[in-house]
Amino acid sequence: MPRSSTGPAVAVLTAAALGVVGFLGYQAAATAPDHPTQARPGSHSAESKKKDKDDAGAKKKSTALPARSGTGVRVVYALGDKRVWLVGADGKASRTFEVGPSPASPDPGTYAVTSRNKGGVGSDGVQVEHVVVFHSEGGVVFGFSAAVDGSMPDPNARKRTGAVRESRADGAAMWEFAQVDVKVVVVP
């Protein structure tokens, strides 16, 4: 019986395919966040519906601009309320919105916007836009951003990140408002 010359070709192609699959698996694992992000509010999971019901009964937090939050044009970020205010020169908030903080938070104090970036990948591995950075400490960069997929960071993740996530609409408003050197006042 004559020998077939396709055996070595099939072996080479199989080995190459296995190599490509292995490389893609490694690449996916290397860029995945340490801890998956939480489900977005409004998803149809039973947990989300239960959380929404629990939140409805919770005490409503004030949206009033916090006292002793500085003067002049500034961004005010209240850690406890998980809320941001964009404050104009007249001392009045032109916009306020809830945010989703990451595991790490900056200390209360006054900072300034140091850099801005239209988009990229956040330190948690999520594609983000309208990145407004205001502080860096101990290898953690603190800044506001909006996830392109609308997700919020997991506050219980093992990896310390300083992302303060906002909705895409709020992220666009922050992007327009918070130019380099604008004050960012962080309150407890």
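Predicted model: local features only at pLDDT ≥ 70, side-chain atom pairs only at ≥ 80, totals over all residues.
Which residue in β10 does Tyr77 stand opposite? Val186.

First, the overall layout. The chain has 188 residues, and 34% of them count as buried. Its secondary structure comes to 3 helices and 10 strands. In sequence order the pattern reads α-α-β-β-β-β-β-β-β-β-β-α-β. Take the contacts with a separation of 6 or more: 53% of them are between residues 24 or more positions apart. The accessible surface is about 11,400 Å², and carbon and sulfur atoms hold 58% of that.

Now strand β1. It is mostly covered, with 5 of its 5 residues buried. Arg74, Val76 and Ala78 point one way. Val75 and Tyr77 point the other way. Both sets are buried.

β1 has β2 as a partner, running antiparallel, with 5 bridges between them. Tyr77 has Val84 as its bridge partner there. The β1 and β2 hairpin leaves 4 residues between the strands, and Lys82 takes a positive phi near 55 degrees. β1 also pairs with β10, this time parallel, again through 5 bridges. That is where Val186 comes in, opposite Tyr77.

Next, the core. In soluble globular proteins, nonpolar side chains tend to be buried together. Here the largest nonpolar core has 24 residues. Val75, Tyr77, Val84, Leu86, Phe144, Met174 and Val184 touch the most other members. At least two residues each come from β1, β2, β7, β8, α3 and β10. The largest share is from α3, with 4 residues. Apart from this core lies another one of 6 residues, including Trp85, Val87, Val185 and Val187.

Beyond its neighbours within four places in sequence, Phe144 is in contact with Val75, Tyr77, Val84, His130, Val131, Val132, Phe134, Val164, Glu166, Met174 and Val184.

On to the aromatics. The whole structure has 3 aromatic pairs. One of them joins Tyr77 and Phe144, edge-to-face, at 5.8 Å centre to centre and 75 degrees between the planes. What does this pair tie together? Tyr77 lies in β1 and Phe144 in β8, so the pair links parts that are 67 residues apart in sequence. Tyr77 is buried as well, at a relative accessible area of 1%. Tyr77 and Phe144 also belong to one aromatic cluster with Tyr111 and Phe134.

Last stop, a charged residue. Arg165 sits in strand β9, residues 162-166. Buried or exposed? Arg165 has a relative accessible area of 1%; the cut-off for buried is under 20%, so Arg165 counts as buried.

Which side chains make polar contacts with the side chain of Arg165? One is Asp124, at 3.1 Å. Another is Ser145, at 3.0 Å. Leaving out residues up to four places away in sequence, Arg165 touches Val99, Gly100, Gly122, Asp124, Val126, Val128, Ser145, Ala146, Ala147, Ser151, Met152 and Pro153.

To recap. Tyr77 is bridged to Val84 in β2, stands opposite Val186 in β10, and pairs edge-to-face with Phe144. Arg165 is buried, with side-chain polar contacts to Asp124 and Ser145.

Methods
Residues numbered from 1 in each chain as written. Heavy atoms only, no water. Buried < 20%, exposed > 50% of the residue type's maximum accessible area, 1.4 Å probe, protein only. Contact = heavy atoms within 4.5 Å. Areas by Shrake-Rupley, 256 points an atom, 1.4 Å probe, with all protein chains shown as cover. Core = buried A, V, L, I, M, F, W, Y, C linked by side-chain atoms within 4.5 Å. Polar contact = N/O pair within 3.5 Å; in protein donor to acceptor, adjacent residues only side chain to side chain. Pairing = 2+ DSSP bridges. Phe/Tyr/Trp six-rings, centres within 6.5 Å; stacked < 30°, edge-to-face > 60°.
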